[in-house]
Amino acid sequence: MNRLHIATRGACSWRDRLAKPDTQWERRYSALEAAVAWEVAAGADRGTVGGLPRPLEQLFVGGSFGKPPLLLAVAEHKVPLAGRGGDSQGVVWALVRTAAGVVSLSVEAKAREPFGTGNQSLEAWLSLDEPGRSKDNRQERWTFIQQHLPPAVGSGYLLVAYQLLHRCAAA
């Protein structure tokens, strides 16, 4: 995978970056709707501070971080993870300046799609028995992901959705 990124020319530029563009690019589904939201936000703030979709901006403002200017956003950003399997691919990875400093933000949007297989917990994902999939590979991937998360106490992350943990590590 090439690590170079280019600016978009509207929502249609996002389609080519999808893992499965023929099935993921539909109205009222996350890929297209997220692309539109980010492009509208970028267009509304041309030449000024801003650039985040309003719901995200409100989270920062409501959390006393001030109005967060978008420094950089990469559409359909892929992050390699150890072990066999695909990269972690979030809808957007962004750098945002806040009153507390620069924040690395990974955004995963879902509209009519599940968040992982049944939104399974880390514990369920680690013990999943799938034909052709190795539990050792899952453990290797989880060991890698843990290096990019704050240390957990006790059973810590076992009940947290695996998809949420791997997206956090990808940020």
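Strands β2 and β3 make a hairpin, with two residues between them. In this predicted model, local features need pLDDT of at least 70 and side-chain atom pairs count only at pLDDT 80 or more, while totals for chains, interfaces and linings use all residues. β2 covers residues 88-98 and β3 covers residues 101-107; they run antiparallel and are joined by seven bridges. Strands pair here if DSSP finds at least two bridges between them. Residues are numbered from 1 along each chain as its sequence is written, and side-chain values use heavy atoms, leaving out hydrogens and water.

Now zoom out. The protein has seven helices and three strands, which are DSSP runs numbered from the N terminus (helices: H or I, at least four residues; strands: E, at least two). Walk along the sequence and you get α-α-α-α-β-β-β-α-α-α.

How does the chain pack? Of the 171 residues, 36% are buried, meaning under 20% relative accessible area with a 1.4 Å probe, counting protein chains only; exposed is over 50%, and partly exposed is in between. Of the contacts (heavy atoms within 4.5 Å) between residues at least 6 apart in sequence, 49% join residues at least 24 apart. The accessible surface is about 10300 Å² (Shrake-Rupley method, 1.4 Å probe), and 55% of that surface belongs to carbon and sulfur atoms.

As for cysteines, Cys 12 is exposed at 63% relative accessible area, and Cys 168 is partly exposed at 43%. The structure holds zero disulfides, a disulfide being a pair of cysteine sulfur atoms within 2.5 Å.
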